Amino acid sequence: MKRIARHVRILGKVQGVAYRAWTKSFADSEGITGWVRNEVDGSVAALLCGAEEPVERLLSAMWEGPGAAAVREVQVSHAMENVTSGFEILH
C-alpha cells in the first residue's frame, strides 16, 4: 500500500466553523496521520499522511468540509514530511 504526504491549504469561510475538528474526525476514521491548524490569514492548513486512497478521499471531502463551512479553494502540494502516528489539531 503506497503512503503519500500532502500539504493542504483551505481558503474560504473555514475558521470558526469546526473545520479542524471535522478534519481530525475524518482523518482518525480513515487512519490518516498528520495535523491541522488555523492560519493568521483566515485559512486552514493541514499535513495529511497515509495510504493514497484515504488521503485522496479526505482531499475531495475538504471541498465541502463541515456544514457551516464555505470552501472557496483547496490548494494541495506534495510534502516531504511523514507523520507516522496520530492526527493533531495544532494551535
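In this predicted model, Asp 41 occupies the loop that links strand S2 (33–38) to S3. Its relative accessibility is 49%, so Asp 41 counts as partly exposed. Between the C-alpha atoms of Asp 41 and Ala 68 the distance is 19 Å, with 27 residues separating the two in sequence.

Another loop residue is Ala 18, placed between S1 and H1. Ala 18 is not a glycine, yet its phi is positive, at about 70 degrees. Most residues other than glycine have a negative phi. With a relative accessible area of 49%, Ala 18 is partly exposed.

**Packing of the two helices**

Two packed helices are described by the angle between their axes and the distance between the axes. Helix H1 (residues 19–30) packs against helix H2 (residues 52–61) at an angle of about 155 degrees, and their axes lie 10 Å apart. Because this angle is over 145 degrees, H1 is roughly antiparallel to H2. The crossing of H1 past H2 is right-handed. On the H1 side, the contact is formed by Trp 22, Thr 23, Phe 26, Ala 27 and Glu 30, which meet Pro 54, Arg 57, Leu 58 and Ala 61 of H2. By type, the residues of this contact comprise 6 nonpolar, 1 polar and 2 charged.

Beyond residues up to four places away in sequence, Thr 23 touches Val 36, Leu 58, Met 62 and Phe 87. Trp 22 also belongs to helix H1. With the same exclusion of residues up to four places away in sequence, Trp 22 touches Leu 58, Ala 61, Met 62, Gly 65 and Pro 66.

In soluble globular proteins, nonpolar side chains tend to be buried together. Here the largest nonpolar core has 23 residues, and Val 8, Ile 10, Tyr 19, Leu 48, Leu 58 and Met 62 are those with the most contacts inside it. At least two residues of this core come from each of strand S1 (3–13), H1, strand S3 (44–51), H2 and strand S4 (70–78).

Which residues does Met 62 touch, not counting residues up to four places away in sequence? They are Val 8, Ile 10, Tyr 19, Trp 22, Thr 23, Ala 46, Leu 48, Val 71 and Val 74.

Val 71 is found in strand S4. Its relative accessible area is 18%, which means that Val 71 is buried, the cut-off being under 20%. Leaving aside neighbours within four places in sequence, Val 71 is in contact with Ile 10, Leu 11, Val 14, Tyr 19, Met 62, Trp 63 and Glu 64.

**Separations along the chain and in space**

| Pair | Separation in sequence | C-alpha to C-alpha distance |
|---|---|---|
| Val 71 and Gly 12 | 59 residues | 4.6 Å |
| Trp 22 and Met 62 | 40 residues | 9.4 Å |
| Asp 41 and Ala 68 | 27 residues | 19 Å |

Methods:
Residues numbered from 1 in each chain as written. Predicted model: local features only at pLDDT ≥ 70, side-chain atom pairs only at ≥ 80, totals over all residues. Heavy atoms only, no water. Axes fitted to C-alpha atoms, helices over the stretch in contact; angles between N-to-C directions. Helix = DSSP H or I, 4+ residues; strand = E, 2+ residues; numbered from the N terminus. Parallel < 35°, antiparallel > 145°, perpendicular 65-115°, else oblique. Left-handed = near helix turned anticlockwise from the far one by under 90°. Contact = heavy atoms within 4.5 Å. Nonpolar A, V, L, I, M, F, W, Y, C, P; charged D, E, K, R; others polar. Core = buried A, V, L, I, M, F, W, Y, C linked by side-chain atoms within 4.5 Å. Buried < 20%, exposed > 50% of the residue type's maximum accessible area, 1.4 Å probe, protein only.
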